[in-house]
Amino acid sequence: MAATPASASVETPDLDPAFALHRGGKIEIRSTVPVRDADDLSLAYTPGVARVCTAIADKPALADDYTWVSNVVAVVSDGTAVLGLGDIGPSAAMPVMEGKALLFKEFAGVDAVPICLDCTDVDGLVETVVRLAPSFGGINLEDISAPRCFEIENRLRDLLDIPVFHDDQHGTAIVALAALKNAARLTGRELGDLRAVVAGAGASGVAVTRILLEAGIGDIAVSDSKGMIYEGREGLNPVKQALARDTNRGGHTGSTEEALEGADLFLGLSGSTVSEQAIASMSPDGIVFALSNPTPEVHPDVAAKHVKVVATGRSDFPNQINNVLAFPGVFRGALDVRATAITENMKVAAANALAGVVGDDLTATYIIPSPFDERVAPAVTAAVAAQARADGVARV
């Protein structure tokens, strides 16, 4: 199903229900305490507020108890890689960031503030977020183009003592790992039995590859627009050089489709297309995660003729790999224990918890729960909080 051209909607916004829903924005700030009279005012503002400010000045950690900081996340974007729309700028990115903030609140009770920065310089963006950080308990990076997003996240993680999480990378990775664990279980295999091919070496492709390596995937190879990534290939940036070093034990040097012959898993995160013939060449009981939106790398009905399990990024097919299954619970868990970071173990714990929600109801068309399953966020929250304590990054 093709996306409706943006120009068609803009010409008749009053007839488009999406415009009606967005009028005036999708979120607001509300007070949590009453201001009914002078006594309330004197406590909420001056002079009562001064006593709280003085206490925090003496002991900064009290801000977690006496301000909103411990339950609020900044959703930060520069608008350079928004959904499938590309570099549309900070103003046009705001509806997506508002939507992210809405999902934080609806699914996990986390307050979130959308911040779209008119800055694409890595140094400037990092400096800006660091300056804003005292107002937040966590930073959710969103829709920042690769490879800049890798450096931005890494530098912020080094500079800040609060969770920093690039959802395009790690949210996708967590949900993909959860779904793959169940797909492997359905076909009677372990992750270590699988050979995977990942199409796409952007933010999500790299993160999915990394989490699958961490989880013990049997072998995994990654392709970009120029073909398979391998050691010795010219023109690789540092991120792809690291991928070449850590992946592709089979030494594939051709195209994605050539590498798919005999593979157990295809994971598409590229926006490219893969032929039916290539899918048919995969191993028996193959698994296809065609996650590009709005058009998957291969139509799920076509893939289903040749493989055991198919997942997409779309809500109109079974097995939607949707980041909303991960990021609300991940941040809820991290905030609840006032974590200083989100570790790799915390991400894997989130994936394990998410996979566990499916339980004995596992089928080829149900390897991952719905975002509206009320068990999801509590399960992910509890797993992330417990792992933060185990990893020594929890403060409470």
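Student: How many salt bridges does the structure hold?

Tutor: The structure holds 20 salt bridges. Keep in mind that this is a predicted model.

Student: What makes Arg148 and Asp78 a salt bridge?

Tutor: Their closest N and O atoms are 2.4 Å apart. The cut-off is within 4 Å, for a side-chain nitrogen of Lys or Arg and a carboxyl oxygen of Asp or Glu. So Arg148 and Asp78 form a salt bridge.

Student: Which parts does that pair tie together?

Tutor: Arg148 lies in helix H8, residues 148-159. Asp78 lies in the loop between strand E1 (72-77) and helix H6 (89-108). The pair therefore ties together parts that are 70 residues apart in sequence.

Student: Are Arg148 and Asp78 buried or exposed, and how do you know?

Tutor: Buried means under 20% relative accessible area. Arg148 has 18% relative accessibility, so Arg148 counts as buried. Asp78 has 2%, so Asp78 is buried.

Student: What makes Glu142 and Lys100 a salt bridge?

Tutor: The closest N and O atoms are 3.1 Å apart. Glu142 is in the loop between strand E3 (138-141) and H8, while Lys100 is in helix H6. The pair therefore ties together parts that are 42 residues apart in sequence. Both Glu142 and Lys100 are buried.

Student: How are Glu127 and Arg131 placed in helix H7?

Tutor: They are 4 residues apart in helix H7 (residues 122-132), so about one helical turn separates them. Glu127 forms a salt bridge with Arg131, with the closest N and O atoms 2.7 Å apart.

Student: Why is Glu127 called partly exposed, and what is Arg131 called?

Tutor: Exposed means over 50% relative accessible area, buried means under 20%, and partly exposed is in between. Glu127 has 40%, so Glu127 is partly exposed. Arg131 has 63%, so Arg131 is exposed.

Student: Why is Cys53 called partly exposed?

Tutor: Its relative accessible area is 47%.

Student: Which residues have the most contacts inside the largest nonpolar core?

Tutor: Ile139, Leu180, Leu212, Leu267, Phe289 and Ile367. This core has 99 residues. Its largest share, 10 residues, comes from helix H9 (residues 167-186). Apart from it lies another core of 18 residues, including Ala199, Val288, Ala290 and Val310.

Student: What does Ile139 touch, leaving out residues up to four places away in sequence?

Tutor: Its contacts include Val73, Val129, Leu160, Phe165 and Phe331.

Student: Which residues form a nonpolar patch on the surface?

Tutor: Val35, Leu41 and Tyr45. Together they have about 330 Å² of accessible area.

Student: Why is Tyr45 called exposed?

Tutor: Tyr45 has 57% relative accessibility. Exposed means over 50%, so Tyr45 counts as exposed. Tyr45 lies in the loop between helix H3 (38-44) and helix H4 (48-58).

Note on methods: Residues are numbered from 1 along each chain as its sequence is written. This is a predicted model: local features need pLDDT of at least 70, side-chain atom pairs count only at pLDDT 80 or more; totals for chains, interfaces and linings use all residues. Side-chain values use heavy atoms; hydrogens and water are left out. Patches are made of residues with over 30% relative accessible area and no salt bridge: like charges are joined within 9 Å, nonpolar side chains (Val, Leu, Ile, Met, Phe, Trp, Tyr) within 5 Å. Accessible areas come from the Shrake-Rupley method with a 1.4 Å probe; for residues, only the protein chains shown count as cover. Helices (H or I, at least four residues) and strands (E, at least two) are DSSP runs, numbered from the N terminus. Buried means under 20% relative accessible area, exposed over 50%, partly exposed in between (1.4 Å probe, protein chains only). A nonpolar core is a set of buried Ala, Val, Leu, Ile, Met, Phe, Trp, Tyr and Cys residues joined through side-chain atoms within 4.5 Å. Contact means heavy atoms within 4.5 Å.
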